[in-house]
Amino acid sequence: MTDRAIEAIGKRAREQVDFTWFRRTFMGDHGLKNTLAFGHAVLDSVPKLDEYLWTYGPMIESQWTKIANVLGTITPPHRLIDYGCGQGLAGLLVNDLTDGCLLTDVAEVVLIEPSALALARAEAIYAKICPEAEITSVGKRFDGLVESDLPPADGQVTLHLFSNTLDVAGFQPLNLLEKTLQPGRNTIVSVSHDRDFNGGTPQIEMVKATLEHPNMASDLTVIRSELTRLTCDNPAKSKAVVWLCELEIADG
C-alpha cells in the first residue's frame, strides 16, 4: 500500500514539517485501536499508522510538552539515536519544542524500529528536520540489535531518545545500552507513561540505578541523572515519568 505521507513530507518546506501538521493531516480513526496493543504493536499497515496518530498522538505530545524546559538544558548533539522511533513523533516534538535549536548540529541520525512502514515515515521526517544528517535505519527489535548496526560515534555528543520505549517489557535495556553507548558525551532522554507493571517505571529506575552504581565501569562518569514524575493534560491528569541522564564515556 502506498503511503501518501512520504510524498507529502518531501514536498513541504523544512519549517512546515511539525507535529501539529503531521498529526492533523494523517491521523484517522479506522476502528483499529484494539490492534495497537496499547501502542506497543509493530504496525504493519498505513491505516494502523494513522490510527496510532489518532489514538496516542495527543498523549505523546502532552508528555514531551511537559519537559520542554528540560530539553532547553541539553547540549545540542551531533548524533541522535531514536529507539523504537515509530513514525518519528519524538523527533518532531523535540524539534518543535526547541524551535529547531537542539537538532541544528545533528550530522548523524540512527533510527531503530521493527515496523518498516513506520520507519519509512520516520526517515522522511528526519531527512526534513535534520537535512544535513546522514540517516542510518535499523529495522530490528531491540534484542536483535548488534553493535555493527550502528556507525561508530567517534567521540561525538549523542542524544538517545526513548519515547514510551525504555519502559516496555520483553527486552534487556542494559544489553541494549551496552551496544549503543559509545565514547563521548551521551544524553539519555526517556519519556513514558508512569506505571508499575509490565516493565514500566521500575524498569527505568533499574537502568538508572545500574548506571549510577559505584561499581559501574570506570570509564563511565554520570554527570547528572534525574527522574521526575509529571501530570499530563492528555488524557487529563495522566501520569508520566521522564528520566534525563548525561554521562561521559572515556575512549579506551
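Modeller: Because the model is predicted, local features need pLDDT of at least 70 and side-chain atom pairs count only at pLDDT 80 or more, while totals for chains, interfaces and linings use all residues. Residues are numbered from 1 along each chain as its sequence is written, and side-chain values use heavy atoms, with hydrogens and water left out.

Colleague: Why is Thr158 called buried?

Modeller: Buried means under 20% relative accessible area, with exposed being over 50% and partly exposed in between (1.4 Å probe, protein chains only); Thr158 has a relative accessible area of 1%, and is therefore buried.

Colleague: What does Thr158 touch, not counting residues up to four places away in sequence?

Modeller: With contact meaning heavy atoms within 4.5 Å, Thr158 touches Pro77, Arg79, Ile81, Ala153, Arg185, Asn186 and Thr187. The C-alpha atoms of Thr158 and Asn186 are separated by 4.9 Å, although these residues lie 28 apart along the chain.

Colleague: What makes a space in this structure a cavity?

Modeller: On a 1 Å grid over the protein atoms alone, a cavity is a set of points where a 1.4 Å probe fits but cannot get out, and lining residues have an atom within 4 Å of a point. A search of the whole structure for cavities of 30 Å³ or more finds 1, and about 30 Å³ of space lies in the largest cavity.

Colleague: Which residues line the largest cavity?

Modeller: The lining consists of Met59, Gln63, His193, Cys232, Ser238, Lys239 and Ala240, and its largest share, 3 residues, comes from β7.

Definitions and conventions
On a 1 Å grid over the protein atoms alone, a cavity is a set of points where a 1.4 Å probe fits but cannot get out, and a pocket is an open set with protein on both sides within 12 Å along at least five of seven lines; lining residues have an atom within 4 Å of a point. Grid points are joined across faces, edges and corners, and a volume is the space filled by probe spheres set on the points. Helices (H or I, at least four residues) and strands (E, at least two) are DSSP runs, numbered from the N terminus.
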